[in-house]
Amino acid sequence: MSLGEKGADGRGRLRIRVEGTVQGVGFRPFVHELAGTYGLSGFVGNDASGVFAEVEGDAAALARFVGDLGGRAAPSLAVVERVVAEPLPPRGDRGFRIVPSEGGTPAALVSPDAATCDACLAETFAADGRRAGYAFTNCTRCGPRFTIVRDVPYDRCSTTMDAFAMCGACAREYGDERDRRFHAQPVCCPDCGPDLRAVGADGRPMPGDPVGTAAGWLLDGRIVAVKGLGGYHLAALADGEDAVARLRAGKRRERKPFAVMAPDLAGARALVHADAAAEALLASPARPIVLAPRRRGARVAAAVAPGNRELGVLLPYTPLHHLLAARLARPIVLTSGNVADEPIVTDDGEALRRLAGLAKGFLLHDRRIHVRADDSVVRSFRGRALPVRRSRGFVPAPLRTPGVFPRPVLACGAELKNTFCVARAHHAFLSHHIGDLENYETLASYREGIEHFCRLFGVRPEVVAHDLHPEYLSTKYALDLDGVDLVGVQHHHAHIASCLADNGADGPVIGVAFDGLGFGDDGTLWGGELLVADLAGYRRAGHLEAVPMPGGAAAVREPWRMAAAYLAAAFGEHAPWLPVAGRHRDRWADVVRMARSGTNAPPTSSAGRLFDAVAAIAGVRDTAGYEGQAAIELQQAADPHERAAYRAAVTDDLVIRGTDLVRGAVDDVLAGAGAGAVAARFHNGLAWAAVRAVRMLRDRTGLDTVALSGGVFQNVLLLERVVSGLEDSGFRVLTHSRVPPNDGGVALGQAVVAAARDREGFARDAAAS
């Protein structure tokens, strides 16, 4: 590192830029303290691109200072991506100061919301002190970030905390470089910060301690609406059979599991078997919901997760949640504050209007939520995270991509489990969970979210990527935009590309994309695909056998229809009469005729629909109340100790015969085998067939790296069987660890595909010129 011109006393001066997630995490105070340690003078500040500084002093001290900026001593929430230093002439400064933030085109990275740190928790539970019992204690190491940020640079005036003027004591902490609240933008206390209130369903304020009131309501068996970081939750005692049943009925959520908040890690261990990776996720600053095997005898109501071997467990992540958990000292259901598939409620007035029929009390506060963010959901797989929903606590941390984005990109995502993605330079910003784009409120949230991300990260999209399905509302949104270059990306190519980006790879690979439904480039519905792919393109090399989907979308809601279609395809006119046919005898013959004729029965190679068929044949699930329910319950039913497998042929043109798996299941059902054996043998058989097909494809291509993606690979039983089989065959296997394999990761795939094609286009233009 050159210091350029030195002063007469041998001092040098550097202009420094630090890029990464360095705003809102205490980085400027850290720089201030580090400069003091090395006896350096100068200044540090925020601007739209990150942190800037000028430092002056002894040459050796300057070198150590620069080396320490991205070292272990940096704030725990900071992610330093790059430090650039250039020499300047010394100016003879004395002292070191934090200067006001500068504006400009936004390029800085915003930190996700972070769970309460140990120091703030100790203050909150202290017997006395300014913040004893205060529900909004925070510092530079923890607290709200993304959900309160309106703009960058990240300063209090750019957040919803600007409604609260700091009192003298907080202002002194904010200005004291020795204090951990030095330049902590959400700093507050009971004298100057948000107020907590308990109100009845009629909106009337309740006297006394709000946390105590809410705890009393819960102990009385009431449902309580609790305002969190990214929206409202609905809470009830986890072992309260009547309250949880009322909650399930009120949310119109027939069987989809609820999350449970344990008071602490010991409480979580009493509910689930969590390995070391799962416990690390539970206690991480992101505080996601972690899916783990349920303990036998776990004290939760039957209606919390009916028929499910797993529980989704989380730990308290704000002082408010900690205070409430401490009062109760027992687990509570904590589910999103909405009804059916509506977006999570964030506004207080809206909460009282929409949730009052269900919640009998409200625990709320007056700090506004700028961006709604549902809880993230993850599970552990082979010592790493396997995301199911990436939202609060992870967003908006960017994914750094190996290839540059030549032009700013907006990727519009899928229809279900929607996220969008904006990208520039080397950063892809995958949004928080938006949900299913099927009602006005969700679509409005989608549009608002795109506008906010573009403003926050300084992205003016020049390229817009979208799914090929013409009826997706995300596709229609893209097609309505003016002045941009549109890039259509096939759904399963986007899945594989997202897995590549998740692993910092660019291919080519053999891609196995197993999911529900995606529009193929031949106009049919795909979903069980073998691709040879890199980021820029793909070739469909094989797939699951296509069968009719009688009734179209109705077959997604009624898996028994897929059983009828698969039985007709597997046995023709001689299909045996099974219990599933008896359960639907009034419509069975009509649905079989529909499948055979192809009328309103589009062909599909979907792995999800194959799971649906086997679930109905095995007697596990005939109708679905939520997306993927039959497949999830088939996995839950599987005997994990069963090693037998149904055998499925793989043809020379790499078609996996799903009908062979169905024949195996039918034979077992007729022989009296239980659902556990049928489900396990089906999983083992599909895994075996997938591995065989990939091995055949390696022989033809020479490729020995495989990327696994698509919503079906959330199924850890199938995932483990496929990964083990591939590794035993000598393959390098790429799976997801930072973004979901389901449609929540599709937008990232679309973005990197668009960028790769853009790079190829620029390269062709350069070669032609």
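Predicted model: local features only at pLDDT ≥ 70, side-chain atom pairs only at ≥ 80, totals over all residues.

A: Two strands are said to pair if DSSP finds at least two bridges between them.

Strand 20 covers residues 509–519, and nine of its eleven residues are buried, so the strand is largely enclosed by the rest of the structure. Buried here means a relative accessible area under 20%. Strand 20 pairs with strand 26, residues 705–709, in the parallel sense, over four bridges. Within that pairing, Ser 709 of strand 26 is the bridge partner of Ala 513. Strand 20 also pairs with strand 21, residues 525–533, this time in the antiparallel sense and over eight bridges. Here Gly 518 is placed opposite Trp 526 of strand 21. Strands 20 and 21 form a hairpin with five residues between them, and in this hairpin Gly 523 adopts a positive phi near 85°.

Gly 507 and Pro 508 are joined by a cis peptide bond, with omega about 5°. Pro 508 belongs to the loop that lies between helix 13, residues 491–502, and strand 20. Pro 396 sits in the loop between strand 15 (384–389) and strand 16 (399–411). As background, most peptide bonds are trans, and most residues other than glycine have a negative phi.

Arg 382, which is not a glycine, has a positive phi near 55°. Arg 382 is found in the loop between strand 14 (377–381) and strand 15. Its relative accessibility is 42%, so Arg 382 counts as partly exposed. Asn 600 likewise is a residue other than glycine with a positive phi, in this case near 50°.

Helix 20 runs over residues 658–670, and its 13 residues reach 19 Å from the first C-alpha to the last, close to the 18 Å expected at 1.5 Å a residue. Ten of these 13 residues are buried, so helix 20 is largely enclosed by the rest of the structure. Among the buried residues are Asp 660 and Asp 668, together with Leu 661, Val 662, Val 666 and Val 669. The cover over the buried residues of helix 20 includes helix 15 (560–571), helix 16 (579–583), helix 18 (607–617), strand 25 (655–656) and helix 21 (675–701). Just after helix 20, Gly 672 has a positive phi of about 90°.

Across the whole structure, a search finds six cavities of 30 Å³ or more. The volume of the largest cavity is about 130 Å³. Its lining comprises 17 residues, of which Ala 135, Leu 229, Thr 318, Pro 319 and Arg 367 are the closest to the centre. By residue class, the lining of the largest cavity consists of eight nonpolar, seven polar and two charged residues.

Technical notes:
Residues numbered from 1 in each chain as written. Heavy atoms only, no water. Buried < 20%, exposed > 50% of the residue type's maximum accessible area, 1.4 Å probe, protein only. Helix = DSSP H or I, 4+ residues; strand = E, 2+ residues; numbered from the N terminus. Expected span 1.5 Å × (residues − 1). Contact = heavy atoms within 4.5 Å. 1 Å grid on protein atoms, 1.4 Å probe; cavity = no way out; pocket = protein on both sides within 12 Å on 5 of 7 lines; lining within 4 Å. Points joined across faces, edges and corners; volume = space filled by probe spheres on them. Nonpolar A, V, L, I, M, F, W, Y, C, P; charged D, E, K, R; others polar.
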